[in-house]
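Please look over the sequence and the 3D structure shown here before reading on. The briefing that follows is meant to be read alongside them.

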Amino acid sequence: MKERVQKFGRFLSGMVMPNIGAFIAWGLIAALFIPDGWLGKWGPAATINTMVGPMLSYLLPILIGYTGGKAVGGQKGAVTGALATLGAIASTDSTMFIGAMICGPLGGWCIKKFDEKMEGHIPAGFEMVVNNFSVGILGGILAVLSIFVIGPACVVITDILGKGVSFLVNHSLLPLTAVLVEPAKVLFLNNAINHGVFTPIGTAEALEAGKSILFMIESNPGPGLGLLLAYCVFGKGETRSSAGAAAVIQFVGGIHEIYFPYVLMNPIVILGPMLGNIAGIFTLSLLGGGLVAAASPGSIIAELLMTPRGGYFANIMGIAVAAAVSFFVSAFLLKMFGKDASLEEAQAQVAASKAASKGQTVSAAATGAVVSAKDVKKIVFACDAGMGSSAMGATMLRNKLKDAGVTGIEVIHHPVSEIPADCQIVVTHHELAHRAAASNPSARIIPIKNFMGAPEYDALVRELLAARGTSGAAAPAPAAAESAPPAGILLEKKNIVIGCPSVPSDEAIIRCGKMLVESGYVDQKYADAMIDRDREFSVAIGCHVAIPHGTVAVKGNIKRTGIVALTYPDGIPWGDEGEIVKLVIGIAALGEEHLDVLGRISEVCGSDEDTDALVAQADAEAIYRKFNGLE
């Protein structure tokens with residue numbers, strides 16, 4: 001059920017988001033040139049203001065209907081959907097956004113089914129005649145149907161939704177919508193609420209009152225900012241170090257999806273953004289805040305651009321209060337219930353890496369397409385709208401290719417329904433893989449689960465580097481004294497120490513660092529940072545295992561990948577909670593090779609019993625063979 005609602009929300013977003021520029025244009029023209037606007041008294045303002053009504057009544061709904069029809073039935077579906085939408089517009093004076101969301105896909109579906117029925121039955125030379133007349137006839141029929149059925153039905157739906165919102169406003173209950181909106185955002189269901197309810201009603205409200213608070217319920221960047229700032233202060237390890245950059249991207253870039261993983265790592269913190277949004281909506285209601293049009297993406301820049309004259313104080317206070325409440329609630333929850341989820345993330349990444357190695361994630365998504373890495377000239381990131389998450393993913397991969405020295409490959413982003421025919425690789429969310437394959441059957445599809453730093457990016461970069469031989473930025477060869485062990489050997493016999501007497505955890509870490517330095521895996525700066533890493537965030541990962549390693553800041557001090565292993569049969573109490581550790585594995589890993597290292601560790605030490613049995617053997621040969629995959 002949840003997946004169906006998610007798909008519905010993404011489909012709604014796919015109709016609205018590609019046309020958001022038109023919404024912004026309408027909002028800016030309205031804010032500037034309506035009688036009460038910034039330039040409302042300027043001489044030509046009255047003439048310019050005549051565009052506001054037609055844009056709202058005709059342009060925006062027809063664009064939505066056109067896009068929805070195209071998503072279902074291609075170019076012919078787009079025209080048919082636009083014609084059907086025009087019928088709904090003609091039936092009423094109300095704004096027909098909801099009607100467009102129905103008529104557009106309906107038109108696309110009808111023409112698609114007609115084409116399927118006619119396939120193979122059109123005489124040669126009559127294709128153009130049949131295609132054009134089918135669109136005209138079906139579009140005309142649907143336009144008439146829309147006047148008498150779809151349009152009036154949408155008026156009833158809009159009235160019901162409008163009365164529901166009015167009830168919430170009149171009874172001071174509007175802030176409680178955040179109880180639904182914030183969890184819906186994290187589950188990627190927000191588009192169904194925002195574009196299906198808030199935008200149509202808010203637009204009608206803004207036409208009458210000059211602004212609407214509904215535009216700020218979902219787009220307010222304050223709740224997400226507060227959560228990420230709380231992680232900056234009270235988070236641990238990598239979550240803490242990454243939260244600052246995520247906060248900037250979310251607040252300034254408006255990509256709210258970037259804070260969703262921080263909620264999913266510790267679901268109770270959803271109460272922070274939820275209560276923050278409640279407080280923000282209450283503040284906006286109290287001060288009379290609102291926007292003249294939808295702010296998309298939900299960034300502080302878009303919020304300010306869509307703020308009407310005289311509304312800046314109210315809107316800024318609504319955002320600030322939401323951020324402050326979200327911060328304090330999230331900080332309290334992190335202190336009281338905070339837990340580190342990096343192990344689960346590592347395991348998920350390991351699973352993704354294993355699946356990729358078995359061809360489960362890097363595939364042709366049932367298209368049968370086989371693309372040589374040498375022939376890749378264009379890579380497309382595709383999402384429903386082709387704007388938010390896919391744009392970020394394209395930027396990430398573009399930077400990774402640049403850092404690796406891979407040139408001559410164009411990386412762009414597009415809606416999943418409009419993938420260019422000349423691209424060789426499409427990267428998309430796994431739930432959109434089949435739509436991507438249908439949009440471009442000749443391309444290789446790489447399905448991912450998260451556009452923000454998916455492990456598949458690095459696997460793709462390595463593949464492209466290998467296909468181009470020495471064209472990439474190769475790492476310097478190690479010195480003769482630091483020659484690498486035979487291929488496939490992760491743990492050398494000289495780096496296995498068994499039967500160590502129990503010592504404080506810091507001493508075990510220092511010994512690991514010294515062995516890594518002596519074996520030429522890292523330099524001393526990396527070894528020194530291993531203590532800092534454990535104090536930031538315990539490296540005891542359960543199963544009686546600890547994996548000391550350096551911080552993110554010293555990744556550049558790794559020379560080559562390798563591990564060292566020390567057994568402590570009597571155990572070491574590790575960290576504040578005194579977790580017992582019997583096997584200490586010092587890690588140095590270049591790039592994404594840490595995924596392979598973690599995978600090897602999780603295979604060998606899958607439970608307390610596995611680790612205890614390995615340590616109890618007191619056999620360096622057994623440890624050597626297990627960690628090098630030799631048995």
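This is a predicted model: local features need pLDDT of at least 70, side-chain atom pairs count only at pLDDT 80 or more; totals for chains, interfaces and linings use all residues.

- Helix 19 is made up of 14 residues, 505-518, and the distance from its first C-alpha to its last is 20 Å, close to the 20 Å expected at 1.5 Å a residue.
- Ser505, Ala508, Ile509, Cys512, Gly513, Met515 and Leu516 are buried in helix 19.

**What surrounds helix 19**
- The partners against which the buried residues of helix 19 pack are strand 5 (496-497), helix 20 (524-536), strand 8 (562-574) and strand 9 (579-588).
- Helix 19 is followed by Gly520, and the phi of Gly520 is positive, near 80 degrees.

- An open sheet is formed by 4 strands in the order 2-1-3-4, and their pairing is parallel.
- Strand 2 (410-415) and strand 4 (444-448) are the edge strands, each of which pairs on one side only.
- On average, neighbouring strands of this sheet are turned by 25 degrees against each other, direction ignored.
- Strand 3, residues 425-429, pairs with strand 4 in the parallel sense over 5 bridges, and His429 stands opposite Ile448 in strand 4.

**A helix across the sheet**
- Helix 18 (residues 455-467) lies across strand 1 (378-383), strand 3 and strand 4, and runs at about 145 degrees to strand 4.

Key: Residues are numbered from 1 along each chain as its sequence is written. Side-chain values use heavy atoms; hydrogens and water are left out. Helices (H or I, at least four residues) and strands (E, at least two) are DSSP runs, numbered from the N terminus. The expected span of a helix is 1.5 Å times one less than its number of residues. Buried means under 20% relative accessible area, exposed over 50%, partly exposed in between (1.4 Å probe, protein chains only). Contact means heavy atoms within 4.5 Å. Two strands pair if DSSP finds at least two bridges between them. Axes are lines fitted to C-alpha atoms, for helices over the stretch in contact, and angles run from 0 to 180 degrees between N-to-C directions.
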